[in-house]
Amino acid sequence: MTPRRRRLILVLGIVAGVSLAGALALNAFKRNVTFFFDPTAVSRGEVAAGRAFRLGGMVTQGSLKRAPGSLEVRFVVTDFSHDVPVSYTGVLPDLFREGAGVVAHGSMRGDGTFVADEVLAKHDEKYMPPEVARSLKRRHGESRTGAAPGAATPAPTPPPSTGS
Amino acid sequence: MLPELGHFALILALLLAGLQAFFGIAGPMVGRDRWSAAVTPALAGQAVMVATAVACLIASFVGNDFSVQYVADNSNSALPLFYRVSAMWGAHEGSLLLWILLLALWSVAVAVGSARLPPRFSARVLGVLGLVSFGFLLFTLATSNPFLRLDPPAPDGRDLNPILQDPGLAIHPPILYTGYVGFAVAFAFACAAMLEGRLDQTWARWTRPWTTAAWAFLTCGIALGSFWAYYELGWGGFWFWDPVENASFMPWLVGTALVHSLAATDKRGLFKSWTLLLAILTFSLSMLGTFLVRSGVLVSVHSFAADPSRGIFILAFLIVMIGGALSLYAWRAPLLKSTAGFELGARESFLLFNNVLLVIAATTVFAGTLAPLISDSLGLGTVSVGPPYFNPTFMLSMLPLAALMCVGIHANWKRGRLSDARRAILLSLLAAAVLGCGITFGIYSNGHVLTPVAMTIGIWIIISSLIEPLYRVRRHLSLPRALIGMTIAHMGLGTGVIALTTVQSFTVERDVSLSVGESATIGGYTLRFVGVKPVEGPNYEGVGGTFVVTRGGKPVAVMIPQKRQFWIQHQVTSETAIRVDHGNNLLLALGEDLGAGRWSVRVQVRPLVSLIWLAALIMAIGAAIAASDRRYRAARAAESAAGVVAERA
């Protein structure tokens, strides 16, 4: 084998490897990308049945319910146009609270309940996940960042403003 | 008064950085050595000014000066002193200032360490570094000034984000940034070499210790971040493929490729253009990391800032820097020609595979990180990409990389005769397979199909790395630090592969509901819930749940995970309880009061998870040892002393 031929084989091998990896990555991508829907999209039936997706919106005030002592918790996610009841079994994240934004991963059950296997409340100091903020903006033409930290008090209080 | 002084110092630093860039780049270009000589004083002045600005900001934090907007937003008079200092880099503005300070420190280190380099070349390096400083200083002053005053002053501050009130996070950004910024040095060396048209292998040799040192810091920084996420966020994982984590991981992957490609360029004068491109790419990804994290474009817990003007500025800056470097490359590319050849089985080939696979891994991470952003901005719907995508695609390039490494480590430069090493390769593989399968089926007894494979590869890496150093010790041959460092770093990688495999295959986690006096058994551990009691800290109050943990009837620990409510931001955080026992990390996170006297608690048993962070530390130590090799320090004398000289002891 001449050096040139050898180099050709090397280059061809690398190209083949890269294309194979690319094809596999694209495939993994297509199968594993998770879509985000808001309650309005869910109630319009935009979600393919049985497919896992991420549901985002605000947790309705006073909707959090659990049977005493049970790990299963139920709450309602709303975008102020439509509501979706959610059921989740497990420990809720620290940042989860009524009146704040939430994103849950799971799928729809036949009775119209969203069964979450993961609840995320990862968001910034505005208590609003960016996808939820965008979705609310789209549905209402405004971002309801005012419905914020109702941690200690049931009534929403505005965030402390600096310089007051 | 102090904030104004800091602001003024920052403006002076900007001017001095501009001078540093001008003299460093223009001086050698027009052949004025006196201009080139002015670079060092300009750098010294810039560094002093930046340090002054940082000192002023820290003083404002320590002195609770809530007339400064940034202090009022990120501190509070009840915050302990330690966190008042670390709050300096707790948000966007301060972390940029930290970035600039670290860049100044790296530049000073380069100025001191490159005293033996040709003066024009080192002027160019410092000039390019000055240009980067200038850009970041301009960015800070124009869009993110930390010294802005608040009128009237706030009575008290809004407090540092409670999840950042932790020793791990106090030191994570400085170390991570030291790594990020360190790649600016490799970038500057590459640009200086292109400006000078001196594209032989000398620039690669001069860059190597700097790049390896930066890589060591980045490794430590990423590991610290992962450790912090594990114990502080309360979810108990060590890696979430969160965009911010990916933003630091991409420069790490490409930086690893750069470290290896520099070896081929240094030793054999090969892959010169590829190495230049990698140096540019690594630093670009470091800057992109800053852009992704700090502009708030990504959905992430770390994105505190959400001001698009900043993002646009960084984007413009990125385009200028990367575009400039790439144009320079296009201009100089005709000068690049490799004369050396190599055979298919030679070490060069394996380094090439290493580079290709690492870049593929970085590309898949890049695609997964940016896909949600692209999909969203094109109106294709809001999507998210998580572990189901990242885990398999990442493994797809990493497992072959690890296996090829075990063979390539025995290969010689230039000559592709692996037959000499065939016995060592096969024997080490056999030993690793026996051990790997033994551990998988003997100790842990179940797992995924890939578990024994990955375990074998991890052990194989460790054995393979040890073969050459042991051979040298037995023959009383010299052991250069570069070889010792490389061996340690590779063993660290093997350790990491083993730990990752164990954690991914054998983790047990469950959320349970317990009433006082009740017990639950998870992963062999029995925990009995004793009760909850209130706890109080300087700026929070909360509850702590007491659990008595036993294993097979024998007491292991009393663990008290806490739930804390911070007064100022009304934020709740989990203070997890962690105990290491028989190599298992037992993590408890207290959930909430479920009513009827029951509490929820998250229980995770992760075998060998501590080994992941230890592995990163081992890799970083190895890199540090390699970077301190004598042959890099004697820059000019090195030409003759290069290579490994056999010595009789």
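**Notebook: chains A and B**

I began with the contact between the chains: 45 residues come from chain B and 36 residues from chain A. I note at once that this is a predicted model.

Next I asked which elements of chain B supply its side. At least two residues each come from α4 (69–74), α13 (347–377), β1 (383–385), α14 (387–408), β2 (508–515), β8 (572–575), β10 and β11 (598–607) of chain B. α14(B) gives the largest share, six residues.

I checked strand pairing across the two chains. Strand β1 of chain A, residues 33–37, is joined to β1(B) by three bridges. The two strands run antiparallel. I looked up A:V33 and found B:V385 in β1(B) as its bridge partner.

**Chain A**

I listed the elements of chain A: three helices and seven strands. Their order from the N terminus is α-β-α-β-β-β-β-β-β-α. Chain A has 164 residues, and 32% of them count as buried. I also looked at contact separation. Among contacts in chain A with a separation of 6 or more, 49% are between residues 24 or more positions apart.

**Cores**

I turned to the largest nonpolar core, which has 188 residues. B:L103, B:A184, B:A186 and B:V254 have the most contacts inside this core. Helix α8 of chain B, residues 167–196, gives the most to the core, with 20 residues. Where does this core lie relative to domain 1 and domain 2 of chain B? Domain 1 (1–160) and domain 2 (175–416) both give residues to the core, so it lies between them.

B:L103 is in contact with B:L129, B:V132, B:S133, B:F136, B:V181 and B:A184. I also noted a second, separate core of 48 residues. This second core includes A:A41, A:M58, A:V77 and A:V132.

**B:N585**

My last stop was B:N585, in strand β10 of chain B, residues 584–595. Is B:N585 buried or exposed? I found 23 C-beta neighbours inside 10 Å; the cut-off for buried is 20 or more, so B:N585 counts as buried. I then listed its contacts beyond four places in sequence: B:I578, B:V580, B:R606, B:V609 and B:S610. I also looked up the separation from B:R417, which is 168 residues away along the chain. The C-alpha atoms of B:N585 and B:R417 are 45 Å apart.

Definitions and conventions:
Residues are numbered from 1 along each chain as its sequence is written. Chains are lettered from A and ligands numbered from 1 in the order in which they are written. This is a predicted model: local features need pLDDT of at least 70, side-chain atom pairs count only at pLDDT 80 or more; totals for chains, interfaces and linings use all residues. Helices (H or I, at least four residues) and strands (E, at least two) are DSSP runs, numbered from the N terminus. A residue is buried if 20 or more other C-beta atoms lie within 10 Å of its own, exposed if 12 or fewer, and partly exposed in between; C-beta atoms are placed from the backbone. Two residues are in contact if their C-beta atoms, placed from the backbone, lie within 7 Å. A nonpolar core is a set of buried Ala, Val, Leu, Ile, Met, Phe, Trp, Tyr and Cys residues joined through C-beta atoms within 7 Å. Domain bounds come from an automatic or database domain assignment. Two strands pair if DSSP finds at least two bridges between them.
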